[in-house]
Amino acid sequence: MIYILIIYFSTILVIGFRTRGNRNKKDYIYAGRKLTAIPLLMTLVTTWYGAISGIGQEISYNGIATWLYLGLAYYIAAFIYSEFISDKIIRYNISSILSGVLKYMGKTSAIIATPIVLLYISPAPYLIMLGNIIDTTIFESKQFGISIIIGLTVSTLYCFKGGFKSIINTDRYQFYFMFSGFFLLVIYIIFFYDYGFRELSSIYSKNSELFNITGKQGWGYIIAWGFLAMLTFIDPSFHQRTFASKNKEEIKKAIRLSIIFWFAFDMMTLFCGLYAINLPSNTPYVSLAETVFQNSPILYGIFIISILSILMSTIDSFTFISAITIGKDLRKIFKKDYNQNHINWGIFISIIISILIILLFDNSRVMNIWLTFGAYMVSGLLIPFICIIYSRSIKKPVIFILAPILLTFIWEFMPLNYILPVYPGLLLSILLGFLLTRRLR
């Protein structure tokens with residue numbers, strides 16, 4: 001197995017470093033703003049699907065209901081983004097979320113928004129999953145820290161040279177890898193491992209509540225995650241790819257096609273996730289593949305490459321976007337110019353932030369990291385950004401952003417566990433949107 005991983009890691013590094021150096025900042029950050037639908041499709045599909053171990057954990061925790069809030073809700077949100085938001089980002093020349101906040105809501109609002117954006121786009125959850133997989137497959141679950149370092153190195157090193165173009169080039173190959181591994185696992189389960197679905201029937205009899213449409217947690221949990229799907233409207237990775245597209249038609253076509261591929265991949269991960277329900281592991285898909293492919297080490301190796309491709313394609317993107325936020329957007333807030341070196345330093349700072357998050361959170365359910373930071377992103381920035389792109393004049397912008405964030409934070413410590421913090425924060429933001437904005441003539 002270690003030889004397969006070395007070959008894969010070496011291949012990705014070679015692909016990343018073969019990318020030509022960039023002549024200017026626009027090339028380095030946005031690939032020259034010339035991306036067409038197919039490369040956009042591949043990078044959207046791979047980057048947006050980074051939570052692969054988290055998906056497996058969530059299916060074990062909440063069953064088939066997982067698809068409603070981590071699948072269907074995001075298809076709907078992506079389609080809305082494609083049809084009603086993407087063209088406005090291009091038309092108004094808004095290069096990032098923070099640049100839009102700075103331009104239309106002022107310096108103080110942008111400063112408040114910066115840590116919220118950085119926490120949300122931190123690659124920490126994906127690093128946890130990648131570290132767990134490397135640790136399991138190479139070190140037999142004994143060297144998590146070293147596994148994190150290896151994952152960081154092979155996922156981000158090429159970004160220093162090629163920037164966004166390197167990410168696009170590696171995503172092309174990782175797109176094929178991610179689908180091939182899960183396709184092989186599904187086919188092998190159906191025709192060799194569980195022909196006739198007897199094993200699946202046994203899993204159903206022991207965990208029937210996980211096969212209910214509402215799962216174990218009920219509609220409140222599903223709706224809360226459904227609200228978080230609206231983060232797509234202000235997702236920095238979506239925003240960067242929109243701004244990097246050749247024109248609005250290309251990004252619209254790419255997102256529509258991406259929804260089809262996300263659905264196909266979701267069906268495979270849901271099917272495999274059901275077989276992993278009773279496996280006591282932080283990496284359920286890996287444990288399942290180890291069982292299914294126990295007599296086929298080559299197929300097992302291909303599947304591990306599939307998992308690594310999903311995670312690494314998200315880690316490099318989120319690390320690079322964090323670096324842009326630190327090295328470009330934060331400097332612009334304070335009216336300072338930036339260059340490629342500032343972005344590179346941003347990569348280092350992003351890595352440090354991620355390591356701190358990893359130390360603070362429970363590694364067994366990384367979905368809690370998204371639920372926590374996503375709640376602040378939704379309550380603080382969703383409605384203000386919608387107001388910006390729909391040309392609404394905003395008075396008291398600091399209150400508009402800060403008040404919902406503070407309410408969400410306070411709610412975290414209140415004895416009202418049946419109401420998730422994202423609800424009151426978002427409700428207050430909507431109310432302030434009516435009170436503090438007006439349509440520009």
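A residue is called buried when its relative accessible area is under 20%, exposed when over 50%, and partly exposed in between, as found with a 1.4 Å probe on protein chains only. At 2% relative accessibility, Tyr8 is therefore buried. This is a predicted model, in which local features need pLDDT of at least 70, side-chain atom pairs count only at pLDDT 80 or more, and totals for chains, interfaces and linings use all residues. Residues are numbered from 1 along each chain as its sequence is written, and side-chain values use heavy atoms, with hydrogens and water left out.

Tyr8 forms an aromatic pair with Phe9. Rings of Phe, Tyr and Trp (for Trp, its six-membered ring) pair if their centres lie within 6.5 Å; planes under 30 degrees apart count as stacked, over 60 as edge-to-face, and the rest as tilted. The Tyr8 and Phe9 rings are 5.9 Å apart centre to centre with 50° between their planes, and the pair is tilted. Phe9 has 9% relative accessibility and so counts as buried. Between Tyr193 and Tyr275 the ring centres are 6.3 Å apart and the planes stand at 65°, so this pair is edge-to-face. It links distant parts of the chain, since Tyr193 belongs to helix 12 (residues 164-193) and Tyr275 to helix 16, 82 residues apart. Helices (H or I, at least four residues) and strands (E, at least two) are DSSP runs, numbered from the N terminus. The two partners may be set side by side: Tyr193 is partly exposed, with a relative accessible area of 31%, whereas Tyr275 is buried at 5%. The count of aromatic pairs comes to 31. One aromatic cluster is formed by Tyr49, Phe175, Tyr176, Phe179, Phe182, Phe261, Phe265, Tyr285 and Phe303.

For Trp262, contact (heavy atoms within 4.5 Å) is made with Leu44, Val45, Trp48, Tyr49, Tyr75, Ala78, Phe238 and Ile255, leaving aside neighbours within four places in sequence.

Rolling a probe the size of a water molecule over the atoms shows where empty space is left. On a 1 Å grid over the protein atoms alone, a cavity is a set of points where a 1.4 Å probe fits but cannot get out, and lining residues have an atom within 4 Å of a point. Grid points are joined across faces, edges and corners, and a volume is the space filled by probe spheres set on the points. The structure holds five cavities of 30 Å³ or more.

The largest cavity has a volume of about 440 Å³. Its lining comprises 22 residues, of which Trp48, Ala51, Leu70, Tyr74 and Tyr126 are the closest to its centre. At least two lining residues come from each of helix 3 (37-48), helix 5 (66-84), helix 14 (219-228), helix 16 (248-275) and helix 20 (367-389). Helix 5 gives the largest share, four residues. By class, the lining has 16 nonpolar, four polar and two charged residues; here Ala, Val, Leu, Ile, Met, Phe, Trp, Tyr, Cys and Pro count as nonpolar, Asp, Glu, Lys and Arg as charged, and the others, Gly among them, as polar.

The second largest cavity has a volume of about 120 Å³. Of its 13 lining residues, Ser96, Ile97, Pro236, Ile321 and Asp329 lie nearest its centre. Helix 7 (97-105), helix 15 (236-244) and helix 18 each give two or more residues to this lining, and helix 18 gives the most, with four. The lining divides into seven nonpolar, five polar and one charged. Asp329 is located in helix 18 and, at 4% relative accessibility, counts as buried. Apart from residues up to four places away in sequence, Asp329 touches Ser96, Leu98 and Ile324.

Two loop residues complete the account. Arg33, in the loop between helix 2 (25-30) and helix 3, has a positive phi near 55° although it is a residue other than glycine. Arg33 is partly exposed, with a relative accessible area of 23%. Ser391, in the loop between helix 20 and strand 1 (392-394), likewise has a positive phi, of about 55°, without being a glycine. With 24% relative accessibility, Ser391 counts as partly exposed.

Technical notes:
1 Å grid on protein atoms, 1.4 Å probe; cavity = no way out; pocket = protein on both sides within 12 Å on 5 of 7 lines; lining within 4 Å.
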